[in-house]
Amino acid sequence: MEENKDNVMNTQNTSEVPSSEEVAATVVDVTDVLKEDVIQIKDEEVWTYQVPGLAAPRIGKPIKYKLLKQIVLVAIIVIAVMLAIYFSIAAVQKDTFEFATLEQGVELTKFNNTGYIKELYVDYSTEIKYTAGDSNPETNFYFVKDESKPVVSIREYAFNCDEKLEVVYVGANVKSIDGKSFYTCNALERIEVDEANEYYCDVNGVLYNKDMTELICYPIKHSKYVALQKGYGEDISEDSANYQSYVQDVLTYKIPLSVTKIGMLSFNYTDIKYVYISESVKTIDSMAFFRGESLEEIISYKADGGEYKSLPNGVEYLGSDAFSYCQSLDYMFIPKSVTYIGHHAFWDTVYKEDGALKGVTAMYIEREEKDFKKNVKAGDQWRPKYDFLLFKKNVDTHYGAQRQA
């Protein structure tokens, strides 16, 4: 046993490497055993040796039909590229309108703008047709409607990321509009609803449910429409003599007293600076003011006309990302009526500039800390955070605070 162990150790520790001649001899020995003929070929003759039955390698000789083969290869590549482009375009190309059939009508599931549609009626199942001989993409199309198929629903993200649509007319038969339908419609100025609609209405182009208890969509470019109504030009800046009146007339919005819910994404990406919220509001839904980077102040108001800063007494629900990226805000007070705060509700509302913190640099909470932790359901990272050395640090939280005058 010890002898075998020594042999193994000796084998493992050997530093001798077989030479190429020894390896070749071993190969010959193995092939002899297998009774196969082995052809010995010198290294310098490997590439010139011709195996019987096969054509000799054309070393140092011109390739036969080289030009023709190159042309064929280029042609194959060109055809392959063209086919790839064709099928890629075919894969992404969609109809302008996409509908789903429902029991009492159809649902608009997706609108793919041609790039030149600025006004759209959402009332019946619609197809787009093109005028023969008209090469102008701005005018060479028209709509064909099927009045046997009324639109009764508008699905979430139906107009998502549209960059051209300015006006949407909602037909009388629409019963359901998802609050996310108009997300990031960056050119949208107004939404107008047929007066015969029993479920929705608009107030000067802002979308509400019929009894005006929910604000559904304040269009992203609504200020452009209001500015035109008020007689302002498009070149208003902070240096303009009438800038303050412009802010008051155009960039300030008062939510009606009847509203109890500010809907999901209702003010996303808008440029309003001041919003008035009544004490009737109970819910500010998820992403309601998402990316409202111009929003400087929330003013709450009472039915009798009294006003005060920040969120209204009576609000109970603050959805996830409700005020994310609203960096122009500089004060936030959470009244004791609040019982739910969604995750990231105030995400990125504080930032550093020239070494100083700006935005919502502290949270003021009416409840005492123990009461807050016991009775308020708060989601992950609901408080603003800022960069502190290599870490993100929550802003200071003041419990049992009094509202600023």
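## Overall composition

Of the 405 residues in the protein chain, 37% count as buried. The model is a predicted one. Its protein chain contains six helices and 27 strands.

The accessible surface of the chain amounts to about 24400 Å², and carbon and sulfur atoms account for 52% of that area. Among contacts between residues at least 6 apart in sequence, 52% connect residues that are at least 24 apart.

## The three-stranded sheet

Three strands form an open sheet in the order E3-E6-E8, and their pairing is parallel. From one strand to the next, the twist averages 15°.

The pairing of E3 with strand E6 (residues 167-170) is parallel and comprises four bridges. Within this pairing, glutamate 119 lies opposite valine 167 of E6.

## The eight-stranded sheet

A further open sheet consists of eight strands, arranged in the order E9-E10-E11-E13-E15-E18-E20-E24, and here the pairing is mixed. Its edges are formed by strand E9 (200-203) and strand E24 (377-378), each of which pairs on one side only.

Inside this order, strand E11 (residues 214-217) and strand E13 (residues 261-262) run parallel and are joined by two bridges. Leucine 215 has isoleucine 262, in E13, as its bridge partner.

Definitions and conventions:
Residues numbered from 1 in each chain as written. Predicted model: local features only at pLDDT ≥ 70, side-chain atom pairs only at ≥ 80, totals over all residues. Heavy atoms only, no water. Buried < 20%, exposed > 50% of the residue type's maximum accessible area, 1.4 Å probe, protein only. Contact = heavy atoms within 4.5 Å. Areas by Shrake-Rupley, 256 points an atom, 1.4 Å probe, with all protein chains shown as cover. Pairing = 2+ DSSP bridges. Axes fitted to C-alpha atoms, helices over the stretch in contact; angles between N-to-C directions.
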